[in-house]
Amino acid sequence: GNSVTNFDDFILAIEKSFSQAKRQAELDVEDGILLMPSHKNNNQLISKSLKIKNSQVENNHIRQLKSSFIFNSEYKNIHCFQSHFTVDNRIITQNPIGITCETLTLNALLTKSNDIDITFYKNIFNKISVNLNFFYDERMVVFLFLKTLILHKKNIVYIDIGFDT
């Protein structure tokens with residue numbers, strides 16, 4: 001709740017928040033997920049298609065599409081989250097195995113975070129003995145939680161570190 005005016009105060013504020021959360025939840029927090037501000041990320045919808053020529057969709061088709069998401073980028077921190085399939089221009093949100101179609105398309109949401117920002121935050125959290133293992137776009141978290149439930153149901157402490165406090 002206090003204004004942060006310098007870098008040391010920033011680290012101290014984070015440390016106090018983590019200490020309080022640990023006491024309240026009676027948990028030892030060692031790992032963290034950082035929500036990166038959306039304006040600092042490059043987000044886009046990407047698609048990969050596979051012609052299967054009026055055949056049934058099989059596991060190997062899906063594996064082939066997923067493996068085609070390989071990125072050449074100056075960014076090392078890239079997260080790609082499966083959104084939905086398109087089967088002959090019909091949106092399919094469930095597993096399409098067994099559906100007969102001409103073309104199968106996998107649509108995904110791609111987030112690229114800047115290495116400089118990631119290193120900055122990793123250094124801050126290392127000072128309070130918290131390992132940042134994942135970096136997500138702040139807008140992506142709602143998608144992850146509601147669509148894919150990637151945030152596994154386990155002990156999670158959520159701390160919102162605001163811009164000014």
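## Ground rules

Because the model is predicted, local features need pLDDT of at least 70 and side-chain atom pairs count only at pLDDT 80 or more, while totals for chains, interfaces and linings use all residues. Residues are numbered from 1 along each chain as its sequence is written, and side-chain values use heavy atoms, with hydrogens and water left out.

## The overall layout

The protein chain has four helices and six strands, running in the order α-β-β-α-β-β-β-α-β-α. Helices (H or I, at least four residues) and strands (E, at least two) are DSSP runs, numbered from the N terminus.

Of the chain's 165 residues, 34% are buried. Buried means under 20% relative accessible area, exposed over 50%, and partly exposed in between (1.4 Å probe, protein chains only).

## The one salt bridge

The structure has one salt bridge, and it links the side chains of lysine 40 and aspartate 117 (3.5 Å, N to O). Lysine 40 sits in the loop between β1 and β2 and aspartate 117 in helix α3 (residues 115-126), so the pair ties together parts 77 residues apart in sequence. The term means a side-chain nitrogen of Lys or Arg within 4 Å of a carboxyl oxygen of Asp or Glu.

Lysine 40 is partly exposed, at 37% relative accessible area, whereas aspartate 117 is buried, at 15%.

## Asparagine 41

Asparagine 41 lies in the loop between β1 (31-36) and β2 (42-56). Its relative accessible area is 12%, so asparagine 41 counts as buried.
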